[in-house]
Structures are given as structure tokens and as C-alpha cells.
Amino acid sequence: ARSDGLEGQVSGARVIAQALKTQDVNYMFGIVGIPVTEIALAAQEVGIRYIGMRNEQAACYAASAVGYLTGRPGVCLVVSGPGLIHGLGGMANANMNCWPLIVIGGSSERSQETMGAFQEFPQVEACRLYSKFSARPSSIEAIPSIIEKAVRSSIYGRPGACYVDIPADFVNLQVNVNSIKYVECCMPPPVSMAETSAVRMAASVIRNAKQPLVIIGKGAAYAHAEESIRKLVEQCKLPFLPTPMGKGVIRDNHPNCVAAARSRALQFADVIVLLGARLNWILHFGLPPRYQPDVKFIQVDICAEELGNNVRPAVTLLGDINAVTKQLLEQFDKTPWQYPPESEWWKVLREKMKSNEALSKELASKKSLPMNYYTVFYHVQEQLPRDCFVVSEGANTMDIGRTVLQNYLPRHRLDAGTFGTMGVGLGFAIAAAIVAKDRNPGKRVICVEGDSAFGFSGMEVETICRYNLPIVLLVVNNNGIYQGFDTDSWKEMLKFGDATTVAPPMSLLPHSHYEHVMTAFGGKGYFVQTPEELQKSLRQSLADTTNPSLINIMIEPQATRKAQQKLTQHCKSTKCTS
Ligand code: ADP
Ligand code: MG
């Protein structure tokens, strides 16, 4: 019997936690404070892992990555007003990425509503633009069904973010246990299949393709369609191209992967099978001049509203990617067909891949210091464990890194995504490390950050150290956003005036020792300037399976991809070998 006279009573906080657990929600990220601290405590009591972060934005990024990685939404718990508003960035990012996420926000007391209460804000309305579903339960008794609805909405149809608002006065309110009815865990998302006639038509369009291409997006990764897509690609001998987070659905080093001839493949394909990728900026809208004007798209998506965006597809297959790919496979089982491996198209693609790969290898082999991006990434790639998660953000750091760093497994690359968000890296890395700890102990997380990108969530290094997550953080440091200055030029420039008037807005403090952010909290820090130092520090970091580390890699502050390419072209045309 309880001594507090609360026998048979349950708090609002406990009801929220229990309702989440009943919906098989297992991870909560957030920052506590009035009025949500009790919710975090209750979550731990019912067996939900609670990861306390340093900024709600990063917490929200982490929770959304859990949703993408596990198919079950993570929770981001935020306080009222500013806490919720900081979280909106993460909600927007999740929703844009079509990743499931539950945000639970404390809000001010109902009795003080419209009176200028502490941190009062129209939170349910504010979240509407950033979510699929945004609601406040009308009573504690209504919490379980609202939470079930939020979890279900986040994973059914096109996945996305959902918001549940919890007034402060709900949190500690005690109600009779018997008045609460927990709603059974929602069923897994129903699997929808495409119309048979459309599937037949799609198979026939593929059979008649002269220059076919399969594009694999992060929707395919989320859908766990890797087995069926690999079968389709191998059985029909089709070239495929992953989008940034579609990397790894089929391993990057698969012979049919034409990523190294990306522009060429997009530009001359006559039939494109689009598996879980939108024709947005990442894919140049599916329009000329990046594509043939009459390219036939076979668009596969779970979201009907997506079909026909920006182009008029030849065939639309509305349904779950895994199920629809199996439907296509049935067609090719009935009447086997394969794209001729000796075709001109394959020859063109292979040649382009070869020359592009040679180009970046050449840049990577440059011995000049400071290092360029390619040198850095080739040395990193050499040592990366095949099954590791690669998290990446930054401008050139992410773009060039993507072409060199290989993914061999689906859902193992996390980056700035559809919204092009900087600041996601550390939150994503924390989520991946927490999930790995539970599901694949020993699996490593490598987080490749530009120096600017690192700054957005740098204090999450404390979170990494607090939970002892052996993440390897690489900061590719060019002293700036896109580009920066070396120390001498920086000092020289300051002779002409105050930094606020003379420093280019892109520049950051040169020679910054970001590795000290890691050593400040007990992790390992390395400052490296040469390939040898990079190799050695990375070897040590990967060998250390218990401590996090940060390797601050100084590169040429003016290095860009374009200049490097121009440089090589120039070198090639003049036969210079330097
Ligand atoms: P990328 O960034 O890789 O191009 P996008 O995020 O643009 O990918 O597109 C992913 C697409 O996948 C979205 O249009 C989404 O509706 C779709 N999608 C998500 N899950 C599934 C699924 N299970 N089956 C089919 N389509 C899905
Ligand atoms: Mg930079």
C-alpha cells in the first residue's frame, strides 16, 4: 500500500508513458523542464530509454532518425513555448524526409490560457504546418487514444511527424487507474499493392526500354525493400542509381550501380523506374536539360498525391515499394527478360564511370598540403568498417564524401536530406549509436561533419560522452562555410578593419581546435594535418570501442569541388602530372 494516499491513482505523466510503451515506442529524446520532467521520469519507469539532449532541435533530429532506422517512431519531448519552437526545425525535417516522429510538448496550464501564462504559445496550431497530425487530448482519459492515433498516423501512408500537446496541469494530475483504458498497439501499416493492369504495363515499358535506369530512394530504404529490389535489378540486369539516402539498399560496389556516372545516366535514360524518390531538387525535377524530354517514368510511391508531380509518368504504381517490386518480379518470372549486358548503354555508362573514378582517384593521390577533400575521404574509406553507419552533413564535405564513402547496407546513411538541413549530424549519430547499442552491439557510427555543420549542434558532444557512445566524429575543417581563410590571410585581413566589416560572411575562425570540444568531456581528440596523421588517428579511434573521438581534419581552406575538377581538367589537357 502507498503511504501518499494515492492508492489506485495514476498521474497524467504515467498515462502518457504507458500509452507510448503500449504503442511499442521505445526511445525518447528531449530536454526536461517545467512541465515535462515527470513525463521523462515516467518513461524510464515503463522501460522507454530516455536520452537527454542539449538542444530540442538535435533531440528532434535524433528521434526522427530512430523512426527511419526502426520503422517505429521515436519521441521528442519538449517544454512549452521556446522548447517546442526549437523542436519545430526537427519536425519540419522529419516531415520533409517522410520519417515517422512523435513530438510531445508540454504547454501552459489550461486555466491560464490566453492570460499570458508562462511560455504560452498556440502550440497545436504552430505544429500543424510541420506535421501530419497535431492535437491536444481533451482529458487524461483521452491520452491513450490520441497517442495511438499519433503513432498510427506517423507510420501509415506516407510517414511523417505527429504532435501531441500536454497541458501542464495534466502532468501531475492523479486519476483513478480504472478510468484509463489503454488502446491496443496499432496494427502494422497495411500493405497496399498496385493495380495488376498497371504492373503489367510497367513490365512492358521496362522490356521495351533502350536505356533503362532504376532510381532507388530513401522511401525504398524505409520500406525495407532491399531484397526484392536487388532481385529485380539482378534478374533483369538493370543499371541502378541510389539517391543520397537510397545508398546501401543495394551495396554501392554492386556491378550494376552507376552512381559514378550519375549525370550521364539521368540525362540519357529513356525509361526510369522510380522507387521511393520524389522528383524534387535532388533529382532535378525529372525535367530537361537533366533528362530526356520524353523519358518514361514508372513511378512507385505509397502516396497518391506524389504521383505525377513535375512530370507526367508513363505508369504510376501506387503501393508499398516492397510489395510492388514483388509484383513486378512476378511479371518477369512469368516471362523472363533481361536487359542485354552488351548494350551500348552499358558501355557508355561503364566508360563514364571509369573516367569519373579515375578523376577522383587522381585528386585523392595528390600529396600537396593542406589536404583536399578527396585525399581525406579516400583515407577514411580505406578504414571504414563495412557495416558502419555513415552520418554526414556539410556542403562539399557531404557532397564529395557521398561519392567516395561507400554504403553496403540499407538505412546506414543519414544526411541533410530532402530539406538540406545543417545541424542534423550529431542528433542522427546519437540515434544510430543508441539503436546500434540495442540491436547490433559493436556496430560503429562515423559522423562526417563540415566545420560549419558541426557548429550547429556541437554541444551534443557532451550528450555523446555522457551516454558513452563510441561515435567517431570527423570534422573536415576548411575554416569556413563553403570556404575559409588560412591564419595568415585572416590576420592580414584584420589589418584593414574590424572583422564585422571586413571578414567575408563565409569565414569562420581559422585553425579552430574543435577536437577540444571532445576532450572537454573526456573523449579522445585529434588534430590532423597530413594523410599519415589522419590514418593513424582514425585507426586508433576505430580500435577504441568504448570511447567517442573527434578528429579535426585541416584541409585546404579554399578547396572546392569545382576548382578541383577544373584543375584536373587543366592538368589533363596540358599533360601536367603535378
Ligand atoms: P529521396 O530523398 O531518396 O529522393 P524522397 O524522400 O524524396 O527520397 O522520397 C521518398 C518517397 O518514398 C516519398 O514520396 C514517400 O511517399 C515514399 N515512400 C515512403 N515509404 C514508402 C513505402 N513503404 N512504399 C512506397 N513508397 C514509400
Ligand atoms: Mg567548412
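Residues are numbered from 1 along each chain as its sequence is written, and chains are lettered from A and ligands numbered from 1 in the order in which they are written. In this predicted model local features need pLDDT of at least 70, side-chain atom pairs count only at pLDDT 80 or more, and totals for chains, interfaces and linings use all residues, while side-chain values use heavy atoms, with hydrogens and water left out.

We begin with the sheets. Helices (H or I, at least four residues) and strands (E, at least two) are DSSP runs, numbered from the N terminus. Strands of a sheet pair through backbone hydrogen bonds, either parallel or antiparallel; here two strands count as paired if DSSP finds at least two bridges between them.

One open sheet has 5 strands in the order 10-9-11-12-13, with parallel pairing. Strand 10 (240-242) and strand 13 (315-318) each have a single partner strand and stand at the edges, so one side of each has no neighbour in the sheet. From one strand to the next the twist averages 15°; axes are lines fitted to C-alpha atoms, for helices over the stretch in contact, and angles run from 0 to 180 degrees between N-to-C directions. Strand 12 (residues 296-301) runs parallel to strand 13 and is joined to it by 4 bridges. Gln299 has Thr316 in strand 13 as its bridge partner. Helix 8 (residues 196-207) packs on this sheet, touching strand 11 (271-275), strand 12 and strand 13, and its direction makes about 135° with that of strand 13. Contact here means heavy atoms within 4.5 Å.

Another open sheet is formed by 6 strands in the order 15-14-16-17-21-20, and its pairing is parallel. Strand 15 (413-415) and strand 20 (524-528) are its edge strands, each pairing on one side only. The twist in this sheet averages 15° from one strand to the next. Strand 17 (residues 472-477) pairs with strand 21 (residues 549-554) in the parallel sense over 6 bridges, and the partner of Val475 in strand 21 is Asn552. Helix 16 (residues 425-439) packs on the sheet, touching strand 14 (389-393), strand 15, strand 16 (445-450) and strand 17, with its direction at about 180° to that of strand 16. Helix 22 (residues 531-543) lies across strand 16, strand 17, strand 20 and strand 21, running at about 165° to strand 20.

Next comes the metal site. The magnesium ion (ligand 2) is coordinated by Asp451 (OD), Asn478 (OD1) and Gly480 (O), at 2.0 to 2.2 Å. Asp451 in helix 17 (residues 451-456) and Gly480 in strand 18 (residues 480-481) are 29 residues apart, a pair that links distant parts of the chain. Donors are N, O and S atoms within 2.8 Å of the metal (3.2 Å for Na, K and Ca); water is not among the atoms, so sites may look incomplete.

Last are the spaces. On a 1 Å grid over the protein atoms alone, a cavity is a set of points where a 1.4 Å probe fits but cannot get out, and a pocket is an open set with protein on both sides within 12 Å along at least five of seven lines; lining residues have an atom within 4 Å of a point. The second largest pocket has a volume of about 810 Å³. Of its 39 lining residues, Pro159, Gly219, Tyr222, Ala223 and Ile302 are the closest to its centre. Helix 9 (residues 218-222) gives the most to this lining, with 3 residues. The largest cavity has a volume of about 30 Å³, a volume being the space filled by probe spheres set on grid points joined across faces, edges and corners. The cavity is lined by Gln381, Leu384, Pro385, Arg386, Cys388, Gln406 and Tyr408.
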